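I opened the notebook to go through this model piece by piece. Entries follow in the order I looked things up.

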Amino acid sequence: MLKQIIPLGVAVALAGCGGSSSSSDNNESVAVTQITTNSTARFYVANWQSPKGTLNILNNEGVIQESIEVDNINTFSISVTPLTYSRFEFIPDDTLLSCPRFTGCGRTVRDDPNDLNGNRLVDFQEPTSVTLNYKADAFIAPGVNAVYFSPLSTAITDAGLSAVQASLSATPFYHLTHSNLTASVEAEMVTNAFTYAAIIAGVADSTFNVDTAFNAFSSNDSEQQAWRDYSQLAAQYIPDNLFSEQGNGLLPNVAGQVNQTIASVTTYQQWEPRVSEAQSLESRELLVDVRNIIGVARLQEKSYSNELDAKFAELEGAFDEDTQATLTALTNALNEVITNYSPLADDSVPAGQYSLRDLDIDYSKSPYTWAITGTYDNLPISIDLSIPTFRVSGVLGNKIEGVMSASVTNGSTLLSVDVSELLIQFDGIDVVNETNPDADTGIAQLTTNVVINKANGELAGDLSLNLNRFVDSFGEVSTTLSSFDFQGDFESEVQSTAFHITAIESSPFIGEENDDLAFTFELDFPLSAANDFKFAYVGAVDNLTELTSTDIYVSAQGQALDLRIRDVNGNISLVAKGENGRWLDVKQAGRNYSGGLYFGDTKIAEVTAVRGIPGVLFPNGDFESVF
């Protein structure tokens, strides 16, 4: 099970599948590419911002070293000094930002000069009064470095904190060293999301400031509502684009990865100061990190395999289809009842007893209460809900706050909510008109605390679900589960594991049901040899154990690694990305090994095999085993 769940097992397998030394195994004389240290930096800013302006290069003290006027920051590149930290600042000539949300950014005052059509709404692409600042610092690796400006990169840079661990990446979410097209698109979409959220939050509250909200969050201040609002808006960027024909066509391919990065960055709790350490081009620190983590995996295989097998088997069973069905039933039942029997439907709907599908509903007013019993999707369900007040507003969106106790049973799975605070928000405008053709689309968010009892343990945590309303191919308004976020702990006799599980519907228009939920898993696994071991994965639940196409993140002993595993017909490819732009490429075909150890775009050493042992051969003749 360990080799199935943690693809580090592939790396272990690599170490053991080499044969005896042959003429092809002894490659001490392999020529290594000449090491060079030229570096460049290119940049990206979200397209709501004017790309023309001034690029400043600053030192660690924030003193400007060079200023450059650029016509388009997104197409500009500059030579920079490698193996050092550089801080960049972009000051746009035109600070005007337009509303990025298709359903609009809320209401505005009468006679606002930015309200171009005079409807007292901040419509999509209408100008706003929000201005943003852009900074980012990055350790410059040899070769091409890509820096992604957002108001959040500014906040993190100004605070002097490291975003590596929070990003679930070997480099911060706003910096790429050696990347491919998919990684670049993912970084752009994350940048868009954090910029999108800042604009919308700034329209809703002119006093909102990303720096202030982030500082309160990263320092664990008691008042974090501004950060929670900002985080929700950043996550909303994904379904807002996926559920609109005007959305970004590149997003569906990376929706899961973007969703996980946003979720991780906005919930990370252990922010630490960024440390500026001198780096040697020929450093072998990545090899040490790889061996340390593989060493943990090997140790656990030899000494604790039964323990870990039990933990992983429990976790697989805890979040199975039965669990997902109970969550869906609770959410959809609440949505249907409140949509039909509440002020959201029509405030004139009288109190009384109703039947909906196989549910019996006792609806009262002053205060609003519901007693709901029966079955939903063939699952026994019981809900007691009390909502003292409603906010029904076509401009601000509808908001419901109350308390709820509920239970849903699915075989041996029991979902329960015990007098938990409930928040339901409906975003968007209900009435379609010429100035708001997309007004009937929007997002309903349900937030509450749940406990899910399984045969072998208990899942308990905070659950947030998004239901998206959109016009389907038949011209009807449909509602579907677009995303959810579940963060808490799994407790059983053999483990106590913190988890953060999210899902996003990445292909919402392929049929009536959820066709393509992309799941993300972030798990904290304290191990005897690494009490801070963390594992993260993006993909379908039933592919979690598949090694044929796996991209994961692992962290141990304070070091982060991105691992990309591919297994095609028994031939294995492993790419391990470490901090500061270092990465290792290992390809195994039978007894032959190839690849290289890189720093950015520069190859430092060759991967080969000596006497059947895969390793790295350096230009001076040193050979170090990879595993």
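**Entry: a cut-off, then Ser555.** I count a residue as buried when its relative accessible area is under 20%. The model is predicted, and I read it as such. Ser555 has a relative accessible area of 3%, so I log this serine as buried. I place Ser555 in strand 23, residues 549-556. I then listed its contacts, leaving aside neighbours within four places in sequence. They are Gln165, Asp532, Phe533, Lys534 and Ala560. The Ser555 side chain also reaches the backbone oxygen of Gln559, at 3.3 Å. Ser555 and Asp289 are 266 residues apart in sequence, yet their C-alpha atoms lie 9.5 Å apart in space.

**Entry: the whole chain.** I counted 10 helices and 30 strands. The chain has 627 residues, and 54% of them count as buried.

**Entry: disulfide search.** How many disulfides does a search of the whole structure find? I got 1. Cys99 and Cys105 form a disulfide, with 2.2 Å between their sulfur atoms. The angle about the S-S bond is 95 degrees, and the link of Cys99 and Cys105 is right-handed. I noted Cys99 and Cys105 as both buried.

**Entry: Asn56.** I found Asn56 in strand 2, residues 53-58. Is Asn56 buried or exposed? Its relative accessibility is 3%, so Asn56 counts as buried. The side chains of Asn56 and Ser67 are joined by a polar contact of 2.6 Å. Ser67 is also on the contact list of Asn56, which leaves aside neighbours within four places in sequence. The list also holds Ile64, Glu66, Arg87, Phe88, Glu89 and Ile91.

**Entry: helix 4.** Helix 4 runs over residues 181-204. Its 24 residues should span 34 Å at 1.5 Å a residue, and I read 35 Å between the end C-alpha atoms, which agrees. Why do I call helix 4 largely enclosed by the rest of the structure? Because 19 of its 24 residues are buried. At the start of helix 4, a side-chain oxygen of Asn180 comes to within 3.3 Å of the backbone nitrogen of Thr182.

**Entry: helix 6.** I took residues 225-242 next. These 18 residues should span 26 Å at 1.5 Å a residue. The end C-alpha atoms of helix 6 are 26 Å apart, so the two values agree. Where is the kink in helix 6? I found a kink of about 30 degrees at Gln236, shortly before the proline Pro239. Both Gln236 and Pro239 are among the buried residues of helix 6. Other buried residues there include Trp227, Tyr230, Leu233, Tyr237 and Leu242.

**Entry: helix 10.** Helix 10 covers residues 321-340. Which residue caps the N-terminal end of helix 10? Asp320 does: a side-chain oxygen lies 3.2 Å from the backbone nitrogen of Asp322. I listed buried residues in helix 10, among them Thr323, Leu327, Leu330, Leu334, Glu336 and Ile338.

**Entry: backbone checks in loops.** I looked at Arg357 in the loop between strand 11 (352-356) and strand 12. Its phi is near 55 degrees, a positive value in a residue other than glycine. At 57% relative accessibility, Arg357 counts as exposed.

I moved on to Pro367, in the loop between strand 12 (359-364) and strand 13 (368-376). Is the peptide bond from Ser366 to Pro367 cis or trans? It is cis, with omega near -5 degrees.

I finished with Asn580, in the loop between strand 25 (571-577) and strand 26 (582-589). Phi of Asn580 is near 65 degrees, again a positive value in a residue other than glycine. The relative accessible area of Asn580 is 15%, so I log Asn580 as buried.

Note on methods:
Residues are numbered from 1 along each chain as its sequence is written. This is a predicted model: local features need pLDDT of at least 70, side-chain atom pairs count only at pLDDT 80 or more; totals for chains, interfaces and linings use all residues. Side-chain values use heavy atoms; hydrogens and water are left out. Helices (H or I, at least four residues) and strands (E, at least two) are DSSP runs, numbered from the N terminus. The expected span of a helix is 1.5 Å times one less than its number of residues. The bend at a residue is the angle between axes fitted to the seven residues ending there and the seven starting there. Buried means under 20% relative accessible area, exposed over 50%, partly exposed in between (1.4 Å probe, protein chains only). A polar contact is a pair of N or O atoms within 3.5 Å; within protein, one must be able to donate a hydrogen and the other to accept it, and residues adjacent in sequence count only if both atoms are side-chain atoms. Contact means heavy atoms within 4.5 Å. A disulfide is a pair of cysteine sulfur atoms within 2.5 Å.
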